[in-house]
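This report describes one protein model for a reader who is new to structures. Look at the sequence and the fold before reading on.

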Amino acid sequence: MISNGTLTKYYSNTTRRQHVSEMAGSKRGRKTSNTFEFSSWWADAANRPIQDLPAFAKTFFAKHALLNILTKYCVLTADRMLLVMRPYQIVATERILQKIEISTNYRQLGKVTAGGYIWHTTGSGKTLTSFETAQLASKLPSVDKVLFVVDRKDLDYQTMREYDRFEKGAANSNTSTAVLKRQLEDPSARIIITTIQKLSTFISANKGHSIYDGHVVIIFDECHRSQFGDMHSAITKAFKRYNLFGFTGTPIFSANAGSGGNPQLKTTEQAFGEKLHTYTIVDAISDKNVLPFRIDYVNTIKLPEGITDKQVSAIDTENALIAPERLREIVAYTLEHFDQKTKRAEHYSLSGKRVRGFNALFATASIDAAKRYYLEFKSQQAGVVPDRRLKVGIIYSYAANEAVDDYLDEEGFETGALDQSSRDFLGAAIQDYNELFGTSFDTSSDKFQNYYKDLSLRLKNREIDLVIVVNMFLTGFDATTLNTLFVDKNLRAHGLVQAYSRTNRILNSVKTYGNVVSFRDLEQETNDAIALFGNKDACGIVLLKPYAEYHAQYAEKVAQLLEEFPLGKPIMGEAEQKAFILLFGAILRLQNILTSFDDFAGNEILSARQGQDYRSAYLDLYADFRRMAEAEKESINDDIVFEIELIKQVEINVDYILILVEKWRAAHGDGSDTEIRASIGRAIDASPSLRNKKDLIEAFVDSVSASGEIDDEWQAFILARRKAELDAIIESEDLRPEETRAFIASAFRDGAIKATGTAITGVLPPASRFSRDGGHAAKKQRVLARLGEFFERFFGLSAS
């Protein structure tokens, strides 16, 4: 736990290790949300934080509470990371366990009163809660089996790894029930993970099976609308003594229940029983467990005459809305603003690789619209050089009424139900994907499921820029790198919140909100949905404030900066330095939000040069505090938070420097070259990634010829310097030349030095592991450090 007396939080050892690793600048520490920023508040059952130290100690350190947290509510993942459940997750789990015991004692099994549902907002960790609940329920003496039921569309590589720890192959996405049947008949298999589809198949094929008479707890990880109908009836008819529980981020109330279907199974409460616990989107944003949304309504596209946005539910209107000229303008807008919305100027580390910005989904109203958009993106990017094109994917399959259902009808994996034209188009689009990524998927059932999983993995790893969808990926899909949803379809109620929530997972300090760009007027639907799933006053918390409010704050902070810390005046003393760091950090955070507003262009108060000079001073202080921290072998003072990720977002790159060099050469001799040379120095000082390359760039400026091509000379200069410096390392460390060059070449290709594996061992000269001076291990660490410095120095400078 950590406290200053007034505020108190708790966290796991993994969080401490990750934090220490990242503060020490370890390249091997993976960037996750397990830093102190994401530690947890303790709270009561109504989600009211218990922040004061005495109150925290009285409740958290009560013997029964502490023992339960240690023995029940700590979870070790497949990656050996220790997670501690949050208070709302613990309360939900305990409510379900209590319901099982009470319904058993009062002989209510097999009735709706024996079950219930948990309403925890999208992104709050429902799968962890439901899975841990299933494990704890399986240990209750009265329970014979626990069925943990997932939708096969929600199974990606990561979740399957977690489930496979319990039973290999239990939760794969095929429809074979062999594993399920074996587990149900095995008395030692207390917890069974299966998919909705397999359970449904098993029930229809095994009438009167002995399992139906046992005490079975059935937990649905996501109780979608699809489980309300035939599937629900099949379960309740087959099983005799059961508890049925569902987890959902967006319950179905009477206000958002669709028409049709069984009138007795319209709402979540009718299907699963009473609500056992609530954690709304307002709670999650207040606790900083998810991000707020920022919504742009782009109404600049003129609709065909006589058509209004409010009429778009009718099929004939949908046809009018896919007029070629409208689609052309929307695609042009998307391409023009894509870098701005997804913050492509920023780069950060993801799974050990450097990536730029975030990625996006494009939600369309129908398969026909999705196909047209895909072709339009392809057409408008045809003239762009391949390296500059957005990598655009597409996925869809059959869903009933997919063109007119605002509630996101479920799309299965059954491509066979598509009409031939749509299936052929999808096949051609998948072939484009295969050529882009070297894969071999097609529209056959198994390969299409693998395409879905591969596409979802590439979205999570930021390897694809934009995916065009109809309904797929708009529910249940989590990717922290996804920050923008472009919408050209009607959405409302739970469908709207589910779709918007794809964008608001926490990743790093640059991602401060989920970005929604709507090409339809969904403002009223958005307000209604937030009122329904938060509370009537929730709009102000869930949505970002308007541009004017942010700009007013920004203007006030900049005025304070210019008055208190004028350029040219040194910032003296630790107290002043801390004040500057806090103020400029706040300005950077506001700039980060403002850059996504179209209105901000041209209304920046700080000039480009002022911004550079302040960033340079900020980075100097960062370097000073890092040196102090390393000298004292302690982390940087906890009350100083440097926004280095945001500094990188406005970073000067090599192309910018080369343009300045070109100007400097042109002005050489007429007197203005001195100022340009100073500009080059300032630009380098303001860039975190170019500072350690300053001597290279200045040496290049001094060596540039009177008339040669700057780009060509730069490439030749960098290649020569890179070779010379690598040769010097090879010679001084007595490394194997060819292996070292291959090792460095693969690092430049992959975007990171590979510190583990056999490749680094092949670089080193033979050495005894038992020599007196530390031998092999010390040599390996020293060589890795030198090659790492070399890589950082030259990475991003040359395309060759």
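Does lysine 343 count as buried or exposed, and what is its relative accessibility? The model is a predicted one, and in it lysine 343 has a relative accessibility of 4%. Because buried means under 20% relative accessible area, lysine 343 counts as buried.

**Two lysines with positive phi**

Most residues other than glycine have a negative phi. Lysine 343 has a positive phi, near 55°, and is found in the loop between α13 (324-341) and β13 (347-350). Lysine 288 is not a glycine either, yet its phi is positive, at about 60°. The loop that holds lysine 288 runs between α11 (281-286) and β12 (293-297). With a relative accessible area of 60%, lysine 288 is exposed.

| Residue | Relative accessible area | Class |
|---|---|---|
| Lysine 288 | 60% | exposed |
| Methionine 1 | 41% | partly exposed |
| Lysine 343 | 4% | buried |
| Valine 470 | 0% | buried |

**Inside and surface**

Valine 470 sits in the loop between β17 and β18 (482-488). Its C-alpha atom is separated by 8.4 Å from that of phenylalanine 362, and the two residues are 108 residues apart along the chain.

In soluble globular proteins, nonpolar side chains tend to be buried together. The largest nonpolar core here has 96 residues, of which Leu147, Ile218, Phe239, Ile395 and Phe473 touch the most other members. Leaving aside residues up to four places away in sequence, Phe239 touches Leu147, Ile203, Ile211, Tyr212, Val216 and Ile218. There is also a second, separate core of 32 residues, which includes Trp42, Ile50, Tyr73 and Val84.

Some nonpolar residues form a patch on the surface: Met1, Leu53 and Phe61, with about 240 Å² of accessible area together. Met1 belongs to the segment before β1 (2-3).

**Confidence**

How confident is the predictor, and where is confidence lowest? The chain averages a pLDDT of 80, and 77% of the residues score at least 70. Confidence is lowest in helix α19 (residues 539-542), with a mean of 52, and highest in strand β17 (residues 466-469), at 96. The pLDDT is below 50 over residues 26-34, a stretch with 22 contacts in the model beyond near neighbours in sequence. It also stays under 50 over residues 310-316, where the model has twelve contacts beyond four places in sequence. Where pLDDT is low, the predicted coordinates should not be read in detail.

Methods: Residues are numbered from 1 along each chain as its sequence is written. Side-chain values use heavy atoms; hydrogens and water are left out. pLDDT is the predictor's confidence in each residue, from 0 to 100. Helices (H or I, at least four residues) and strands (E, at least two) are DSSP runs, numbered from the N terminus. Contact means heavy atoms within 4.5 Å. A nonpolar core is a set of buried Ala, Val, Leu, Ile, Met, Phe, Trp, Tyr and Cys residues joined through side-chain atoms within 4.5 Å. Buried means under 20% relative accessible area, exposed over 50%, partly exposed in between (1.4 Å probe, protein chains only). Patches are made of residues with over 30% relative accessible area and no salt bridge: like charges are joined within 9 Å, nonpolar side chains (Val, Leu, Ile, Met, Phe, Trp, Tyr) within 5 Å. Accessible areas come from the Shrake-Rupley method with a 1.4 Å probe; for residues, only the protein chains shown count as cover. A salt bridge is a side-chain nitrogen of Lys or Arg within 4 Å of a carboxyl oxygen of Asp or Glu.
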